[in-house]
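Hello,

Here is the structure I promised to pass on to you. Could you open it in your viewer and follow along with the notes below?

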Amino acid sequence: MPAFPDLSLLFPTELPDSLPATGLALLDQEAVLAVQGTDATRFLQGQLTCDVAALQPGEHTLGARCNPQGRMQSSFRLLKLSEQSYLLAMAADLLEPQQQDLNRYAVFFKVQLTDASQQWVRLGLWGEAAATAIAGADLAQASDDEETGRALATGEHTWEIWLPAAQAEKKVRALSTQAQPLPVEAWELQQIRLGLGQVRGGTRESFIPQMLNLQQLGGVSFRKGCYTGQEIVARMQYLGKLKRRMYRLLWDGEQVPAPGTAVHRAGQSQSVGEVVMAARAGGQIELLAVLQKDAAELPDLTLADSAQPLRVSTLPYEQQMAADEAAH
């Protein structure tokens with residue numbers, strides 16, 4: 001996992017009783033994989049679910065890397081620096097196995113894969129004054145000089161900030177004048193509320209992209225050519241009926257459940273789903289979980305040995321997803 005000891009001292013380790021209107025978090029739970037070389041675009045286009053070739057320098061997208069069975073080895077945000085340089089931010093415990101798997105194919109291309117986590121500092125910024133904070137910190141929002149750092153819009157009033165390590169401390173202090181530094185759990189809560197799930201070590205190769213609603217979030221292209229796992233992903237989209245997908249849920253339990261924790265009906269041991277990610281929100285816990293669609297209607301879903309029921313809440317793209325499903 002990348003470590004920025006000086007910067008981490010600027011961020012608290014515990015959530016405040018109430019969250020501020022604008023927050024800033026150090027994303028040191030994630031790592032950055034760099035893919036560079038004259039064949040970088042062609043190589044990634046044949047490996048990832050997203051349409052890499054359609055990106056312009058400075059643009060970004062969600063995406064996933066699947067195994068041949070269409071199961072996600074990782075999910076990530078991909079940033080295109082140039083035609084020969086890309087960065088993929090993913091859960092830190094997935095970087096090494098993902099790099100090893102991709103290297104099996106990289107030997108046939110003019111491309112190099114390296115762990116660039118120490119070269120980049122990434123922050124999550126969200127809330128009412130987020131845009132003001134970006135302007136005050138002189139951050140590029142397109143393909144401007146990358147030495148100033150980049151602000152990537154990822155949702156309403158929500159940005160990922162990508163900073164070259166040499167610029168990081170100055171930029172963090174500038175952003176902190178408008179945004180309150182918070183633990184990374186506060187950022188994960190924001191991701192949950194936006195419906196942006198992520199593959200973690202405990203769920204590696206558990207989900208196909210549509211189970212994490214990735215097609216709804218622009219992370220899957222059905223128009224590009226072949227990529228690893230494409231046949232399974234496309235078949236599910238056009239011929240299959242998706243029986244499991246990601247939902248947002250609320251829970252009054254005590255312990256934040258780990259990714260991969262089973263969801264089941266109260267008093268029954270058979271799993272009907274599993275946790276994608278979870279975070280504390282005041283007196284309750286909010287989580288994303290992949291559930292069997294028919295199970296999502298049940299009133300007695302719970303986790304572990306708790307008697308506290310899970311309550312299905314809403315996702316910001318719920319209506320559009322329902323409309324898209326009805327159209328198929």
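This is a predicted model, and it holds two cavities of 30 Å³ or more. The largest cavity contains about 230 Å³ of space. It is lined by 20 residues, and those closest to its centre are Glu30, Leu62, Gln191, Gly197 and Gln198.

As for secondary structure, at least two lining residues come from each of strand S3 (60–66), strand S4 (72–82) and helix H6. If you sort the lining of this cavity by class, you get eight nonpolar, six polar and six charged residues.

Now for the open space. The second largest pocket has a volume of about 170 Å³. Its lining is made up of Ala21, Trp126, Gly127, Glu128, Glu156, His157, Thr158, Gln190, Arg193 and Leu194. Strand S7 (120–127) and helix H6 (184–194) each provide at least two of the residues lining this pocket. Which element gives the most to that lining? H6 does, with three residues. By class, the pocket lining splits into three nonpolar, four polar and three charged residues.

Happy browsing, and best wishes

Technical notes. Residues are numbered from 1 along each chain as its sequence is written. This is a predicted model: local features need pLDDT of at least 70, side-chain atom pairs count only at pLDDT 80 or more; totals for chains, interfaces and linings use all residues. Side-chain values use heavy atoms; hydrogens and water are left out. On a 1 Å grid over the protein atoms alone, a cavity is a set of points where a 1.4 Å probe fits but cannot get out, and a pocket is an open set with protein on both sides within 12 Å along at least five of seven lines; lining residues have an atom within 4 Å of a point. Grid points are joined across faces, edges and corners, and a volume is the space filled by probe spheres set on the points. Helices (H or I, at least four residues) and strands (E, at least two) are DSSP runs, numbered from the N terminus. Ala, Val, Leu, Ile, Met, Phe, Trp, Tyr, Cys and Pro count as nonpolar, Asp, Glu, Lys and Arg as charged, and the others, Gly among them, as polar.
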